[in-house]
Amino acid sequence: MGKYFGTDGFRGEAGVSLTADHAFKIGRFLGWYYNELRRRAGETAAARIVIGKDTRRSSYMFEYSLVGGLVASGADAYLLHVTTTPSVAYVARTDGFDCGIMISASHNPYYDNGIKLLNSAGEKMEQSVIDEIENYLDGNLEIPFATGANIGRTQDYSAGRNRYIGYLIS
């Protein structure tokens, strides 16, 4: 386990040990990281990251903070809105996303929240990436901001959530 991320994401009391600034920085890192991977592979399209959240009041704060960081780094953010962790995993895997983010603290008290990261296969994010995020959160890495036409976009992606529901029904 790391300094911020435990066995199931970055969890803590919303606004205290897990803040909007943490979420913004996590988004900044992920947007930059996946755009760098794409650039090194010779791709020009922006990184695509899907986000879901639970109904906790703080989930809205974290969702938009993550989105701000993602688009500031040039990634495109796709919002599933209120949904489940399995739906984020399914959509990340089946719809070709670079990664997925779920904002939830599941069984923890209502005043807590968490940010769970999933890779493109819909599985727990690799520890090596988590370690790099923590390094960035500690201020040990500089990441450039996207400018002009390289700034990312945000898109409603309720169609992905609906496709997951169809999958469950089938």
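Begin by selecting strand S2 (residues 9-13) together with S6: the two run antiparallel and are joined by four bridges. Within this pairing, pick Gly12, whose bridge partner in S6 is Asn113. Please bear in mind throughout that the model on display is predicted.

**The sheet**

Now widen the selection to the whole sheet. Seven strands make up an open sheet of mixed pairing, in the order S1-S2-S6-S5-S3-S4-S7. Which strands lie at its edges? They are strand S1 (5-6) and S7, each of which pairs on one side only.

**Helix H2**

Next, select helix H2, residues 57-72. Its 16 residues reach 24 Å from the first C-alpha to the last, close to the 22 Å expected at 1.5 Å a residue. Colour the buried positions of H2, among them Phe62, Leu66, Val67, Leu70 and Val71; Ser58, Ser59, Glu63 and Ser65 are buried as well. To see what covers the buried residues of H2, display helix H1 (20-40) and the strands S3 (48-53), S4 (76-82), S5 (99-103), S6 (112-119) and S7 (154-156), which are included in that cover. Just after H2, stop at Gly74, where phi is positive, at about 95°.

**The nonpolar cores**

Proceed to the largest nonpolar core, which has 34 residues. Which of its members touch the most other members? These are Ile26, Leu30 and Leu117. At least two residues of this core come from each of H1, S3, H2, S4, S5, S6 and helix H4 (127-137), and H1 gives the most, with seven residues.

Centre the view on Ile26 and show its contacts. Leaving aside residues up to four places away in sequence, Ile26 touches Phe5, Phe10, Leu66, Ile115, Leu117, Ile133 and Leu137.

**The aromatic rings**

Show the side chains of Phe, Tyr and Trp next. The count comes to 13 aromatic pairs. One of them joins Tyr78 and Tyr157 edge-to-face, with 5.4 Å centre to centre and 80° between the planes. Tyr78 lies in strand S4 and Tyr157 in the loop between S7 and helix H5 (158-169), so this pair ties together parts that are 79 residues apart in sequence. Are these two residues buried or exposed? Tyr78 counts as buried because its relative accessibility is 9%, and Tyr157 counts as buried at 13%.

Phe97 counts as buried, at 2% relative accessibility.

For a group of rings, select Phe29, Trp32, Tyr33, Tyr34 and Tyr136, which ring pairs link into a cluster.

**Charges over rings**

Return to Tyr78, where Arg48 lies over the face of the ring, at 4.9 Å from the ring centre. Then select Arg28: its charged end sits over the ring of Phe145, 3.7 Å from the centre of that ring.

Notes:
Residues numbered from 1 in each chain as written. Predicted model: local features only at pLDDT ≥ 70, side-chain atom pairs only at ≥ 80, totals over all residues. Heavy atoms only, no water. Expected span 1.5 Å × (residues − 1). Buried < 20%, exposed > 50% of the residue type's maximum accessible area, 1.4 Å probe, protein only. Contact = heavy atoms within 4.5 Å. Phe/Tyr/Trp six-rings, centres within 6.5 Å; stacked < 30°, edge-to-face > 60°. Lys NZ or Arg CZ within 6 Å of the ring centre and 35° of its normal. Core = buried A, V, L, I, M, F, W, Y, C linked by side-chain atoms within 4.5 Å. Pairing = 2+ DSSP bridges.
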